[in-house]
Each structure stands twice: as structure tokens, then as C-alpha cells.
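This report describes the structure shown below.

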Protein chains: 2
Amino acid sequence: MKKLINKPENFVKETIEGILLAHPNDLKMANDNFRCIVRADEKKSGKVAIATGGGSGHLPTFLGYVGYGLADGVTVGNVFASPSAECMYEVDKAIDNGAGVLHLYGNYGGDIMNFRMAADLCEMDDIKVSEVMVTDDVASAPKGSESKRRGVAGLFFAYKIAGAAAEKMYSLDKVKEIAEKTVSYTRTMGVALTPCIVPEVGKPTFTIGENEMEIGMGIHGEPGINRTELKTCDEVVEIMLNKIVEDLPYVNGDEVAILINGLGSTPKEELYVAYRKSHDILKNLGISIYRPYLGEFATSMEMAGMSITLLKLDDELKELLDAPAYSPFFQQLK
Amino acid sequence: MKKLINKPENFVKETIEGILLAHPNDLKMANDNFRCIVRADEKKSGKVAIATGGGSGHLPTFLGYVGYGLADGVTVGNVFASPSAECMYEVDKAIDNGAGVLHLYGNYGGDIMNFRMAADLCEMDDIKVSEVMVTDDVASAPKGSESKRRGVAGLFFAYKIAGAAAEKMYSLDKVKEIAEKTVSYTRTMGVALTPCIVPEVGKPTFTIGENEMEIGMGIHGEPGINRTELKTCDEVVEIMLNKIVEDLPYVNGDEVAILINGLGSTPKEELYVAYRKSHDILKNLGISIYRPYLGEFATSMEMAGMSITLLKLDDELKELLDAPAYSPFFQQLK
């Protein structure tokens, strides 16, 4: 296991300690617990608070999206494991500004159970909680069963849009409605070339041949829809985008934001090769790119591969997508 | 070779095409040549222009630092190979604002030869050119032979500081002087855990055992100073920082900027574990961190490993480091 770590069981704690030492003006602990991280800037009375959380190993997801115009707090689990309901509840209490909390997270069993328990605890404290689950992974359930899909890199668009809506002092119902619209307009497909190693496990999450790739694989190594011989980047992008486009469907005349996300060890150069082909395919379909995002937005440790996400935009979503945002892991000036 | 690419010989061209399609308001070609990339925003008469360049495969180095408060143009070579003098000359002509051009680049033989030929061509056009070479890699030559050292992740600090100085409309001599001071105050050490594969070569740049790491390795796989069994992150950081600190030396009372740079496939989480230990060591030495940078700033494709860079700061350098900067690959708001 070639990792720059100390004892595997201390990996998450030491990561968070490093993050808090590096960004003391941006992030702090709630309840003196390194698993409960909230914005360090001044709270804004009456602003809807956005809470997220999930397993570690996906930076900048989830913790990296705690900041201005994004989420307000995060609960940090072990690598690829849900954090506890108690920690989620502590975060909710710490970030509530009197306008309620939106639980905005990916559709995974453990996270659902724990966020709902935390919501029950909040109810006893008269903190209003709503939830929106992100379900953007086209490969994880067929059309017609969208609500069963996993949340992957599309989480970023949900944070960006809902976070901007909350900064505009929209109500909890309105922020929820906008987040739901964002999710309903978002589709992602991933491809994995290599597995990653969870530090506490010490061996690869799955095996894959030297000449194979898996299309549709999830960000924890969940099975995809097609294991195939290595294809060219252009071929892979075509397969992925076809699946995405036909699913919503995205149609001639649509404007979209696109996210080409690296899963960990895929160089930025390759993401731009993928963007080149994506631009070409969408142009031919009459779908125009309003704003591209490229880089590592939702990773799987050192997994090689990428995902492509489309978000269909309307005027409301465009305005919120264009709003500035700032965290130690993500900055958007304009 | 597990890469998301098309024909290896088209890799650089397709990467640049993707970058230009994604960022048309920020970057454009000079002389209709994809190897000559310059800022797309309006030129500022009388501003010193900063030119850089080098081999591909290191994004965001070099092209990623073309932008406001950074460099003005870049010449793009093949992977790990110097671009041509003719292209450098085209970039120089395109970015000159009448105040001269600073060639700011890493100390590699091919780049030196070509940048100096480009400077000769510029002289015939009455474009004034100065040069500063970045030589931050402590492992590549002993103390006393600093000018023989390679340029690695410390390039970032040189761009950031010199770029801010140029935006302040300082003269070419002054920008050069500040860039030289920055280089003289910057030290880097790297560690590699795995090699990378150059697309056109198709095999790893070097071999290394499953239980080995190489301390001091360069960003093209140049030999380091010690191949050793795998150590913990804290042990590696201690070895690297000791080498860095004793070299300048950095001393009690110094303020520094620190850059923990991922070489490609090392997860952000691990960089923060390294930052945690770095913070601890520097604190014990009485050296305070003025500003930390963490992430991928100078990569080696999909190589696993990291580098640590320190930049000693004075009031002048602090002001320039704090200045805003913007490129598609690097944003600093505050």
C-alpha cells in the first residue's frame, strides 16, 4: 500500500487536523469534535443552513464544499463509511440560523438512516430540517427508478446552487425546491481504470485487468454497467455522454453546465482531452455549454478514471450557478 | 498504459484544444499555434510581460499559470520535452507591452538553450528580454551549487510574486530583481512513490519496488538522494523539511509560505496529513507559516508522491503573495 500516511486508523483524524491547521479562518469544529466541521465565518441570522456529510476519501467532497455560497457544515465519516447521526445532529445545531437546515447528501443507505435520525433529534429541539438526496449516477439504476440512484460528482452542482440560494436568504422550502430541481436536471456517468486502497483495509477495493476499464463504476468501486477492454478517450466519452444525454433527455437547444471530474490519479491533461470530445458531441446535438468545470471535485482516493456530469440550466439555475462561492477547496470569483 | 487518451502523438495537441475550448475568455493562441498560448484579456500598455514554458505533463505547471497576476504567455512542449525557440519568440512578441519580457522558467538544459535563442531573436526586434531561472530543488545539487539546481514546484511562487509585481507596473529590472529574490528564498524537496508513463513512450519513467520510495526525485523521474523502504508520512516530512530548512537556512523567527504539492495520484487527504506534521516541525523551530498552499501545483502526470516547498517572506514578498491572481487553473481571491 503506497500511501503517505501514518497509522491507517488515524488517517481521517490526521487529515482533518491538517485541514483545520491550514484553514483556521475558514473551518472549525463544532462541539470540539473533528468529525463535526462548520464554517468559521460569522453566522447570518435567518439564513437557511445547509448540512452535508458522508464517508471520507472523496475530497473535495464533502468537507471541501463547506464555505460561502456552498454548505455550512459537514459530518465526517471514516473512509467510505457513513458518519454517525449524533455528529450530524451536532452539526445541525451548530449551523442553524433560525431558518432551518437542509440535509443535502448523496443517496447511500447509511447516510440516509443517520441523517434521518439526526433530523428526528433536531425536531425535538424545534430545528426545522428538510432533506434533498442527490441521485445523479445514471449507471446505478435504470430510468424510471431515478430515486434509487447513487449520488456522485453531481453533488457539487447541488451544493453550488442550493448554497447560492441560501445566501440569497431564500426560505427553507424554496432552497429545497431549487435543490430538487437541480438534482432532477443532473446526470453523471463514471469510468474507472484502476481501484483504490482504503487505508484501514490495505488492499484494492476491486480487481481489474491491465487492459480493462469499467464504465459506470461508482465512487466506492460499486459495479458499473460494462467492463470492457481499454478504449480511446473519445470512445469512452461518446459512450458516457450518450447514456447521460438520452437519460434526462437533454435536447437540442438546451444549455448545460458540464463537470469533467477526475477520480484521483487521472491527470488534468486527460480531463481536457475528454472535454474536447464532449464539447464536440454536445455541439453536434445542439446542446450548448454555459459553463464548464474541470478538475477533481469528487474523488475516490487514488482511483484512476473520471466522471462526466451534465446539469441542464434555466435562468434561475444560471443565476445561482454564476454566484460567487468560496471555500478552501473551491473558489469561484465570477 | 491505462490512460484516457487517443493517439499518444496527439495527446498534447488535444489537451490544448480542450483547454482553449473550455477557457476561451482566458486563453488564446498566438500566431495560430497551439504551442503558443497567451492571456486572452486586454493587454496593459507598459506592463512587463512574463513568459514561461517547458514540457507538458505538469499541469497546472506551466500553462495553468497564465493569467491575471501571474504569467502572460507560455510555450508548450511535448510531454517532458522543451518547446522550440521559435515558439517562445512568437509568445514574446505576442505578450510584449513595450516594457520588456521576463523569461521565467525552470532550470533545464533544453529550456535554457531555447529561451536564450528566443531572447536573441527578440533583441533583433528591439524587445528587451531578461531571464530568471527557478532553481528550487534542494536534492538536485549540493549547497554552494544552487544555480545548478532544477526548477520544480517552487516555480509557482516565482509566477505568483513576479506576476503581482508586473501587475503593479514595476519595471523589468525590478520584476527581475524580485523574482530573483523569490528564487533565492525558495527551497523544495520531493518524494516519489510510483513512476508515471509518458504517452508517447508507453512505459514507466523508472522502476521502483512495491515497498520503496525515492526521496529527492525530480518531476521527470530524475534520481533523488535516497531510495528507501516505505516510511510513514511523518517520517518522510521530517526528512524532507530538515533538508529544506538547513539549506537556506530558514531560522527561528522566519515567516514562510509553504506549498504541499501533489505529484499526480496522491490524494489531497495525504497532503493534509503531511501539512499537519510540517506545521508541527516548523512551529518547533520557531518558523511561522504565513500562508499555506495545498494541492496539485506541479505534477508529473500520474506519479504518486509529493513535494514540500518553503518560501521565506519579507514585507515586500508578503504584499505580492497576497495580491489577487486568476487563471483557469489557479484563483486567489484574498
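Which elements of chain A cover the buried residues of helix 3 of chain A? The cover includes strand 3 (49-56), helix 2 (85-95), strand 5 (101-106) and strand 6 (129-134), all of them in chain A. This description, like the rest of the report, rests on a predicted model.

**Helix 3 of chain A**

The buried residues of this helix are A:Asp111, A:Asn114, A:Phe115, A:Ala118, A:Ala119 and A:Cys122. Viewed down the axis of helix 3 of chain A, they fall within an arc of 145°, so they line one face of the helix. In general, an α-helix has 3.6 residues a turn, so residues three or four places apart point the same way. On the other side of helix 3 of chain A, the exposed residues are A:Gly109, A:Met113, A:Asp120, A:Glu123 and A:Met124.

The length of the helix can be checked as well. Helix 3 of chain A comprises 16 residues (109-124), which at 1.5 Å a residue should span 22 Å; the end C-alpha atoms lie 24 Å apart, in agreement with that expectation. After the helix comes A:Asp126, with a positive phi near 60°.

**Relation of the two chains**

**Nonpolar core**

The largest nonpolar core contains 225 residues, and those with the most contacts inside it are A:Ile161, A:Ala162, B:Ile161 and B:Ala162. Leaving aside residues up to four places away in sequence, B:Ile161 touches B:Ile178, B:Ala179, B:Thr182, B:Leu317, B:Leu320 and B:Leu321. In soluble globular proteins, nonpolar side chains tend to be buried together.

**Strand pairing in chain B**

Strand 7 (residues 186-192) and strand 8 (residues 212-215) of chain B run antiparallel and are joined by 2 bridges. B:Ala192 has B:Glu214 in strand 8 of chain B as its bridge partner. Strand 8 of chain B also pairs with strand 9 (residues 226-229) of chain B, in the antiparallel sense and over 4 bridges. There, B:Ile215 stands opposite B:Asn226 in strand 9.

**Individual residues**

A:Phe62 is placed in the loop between strand 3 and strand 4 (73-79) of chain A. It counts as buried because 27 C-beta neighbours lie inside 10 Å. Apart from residues up to four places away in sequence, A:Phe62 touches A:Thr52, A:Gly53, A:Gly54 and A:Val74.

B:Ser84 sits in the loop between strand 4 (73-79) and helix 2 (85-95) of chain B, and is partly exposed, with 17 other C-beta atoms within 10 Å. B:Glu316 belongs to helix 8 (residues 315-322) of chain B; with 13 other C-beta atoms within 10 Å, B:Glu316 is partly exposed.

| Pair | Separation in sequence | C-alpha to C-alpha distance |
|---|---|---|
| A:Phe62 and A:Val74 | 12 residues | 6.9 Å |
| B:Ser84 and B:Asn114 | 30 residues | 6.0 Å |
| B:Glu316 and B:Glu238 | 78 residues | 29 Å |

Methods. Residues numbered from 1 in each chain as written. Chains lettered and ligands numbered in written order. Predicted model: local features only at pLDDT ≥ 70, side-chain atom pairs only at ≥ 80, totals over all residues. Core = buried A, V, L, I, M, F, W, Y, C linked by C-beta atoms within 7 Å. Buried ≥ 20, exposed ≤ 12 C-beta atoms within 10 Å, placed from the backbone. Contact = placed C-beta atoms within 7 Å. Expected span 1.5 Å × (residues − 1). Arc of directions from axis to C-beta. Pairing = 2+ DSSP bridges.
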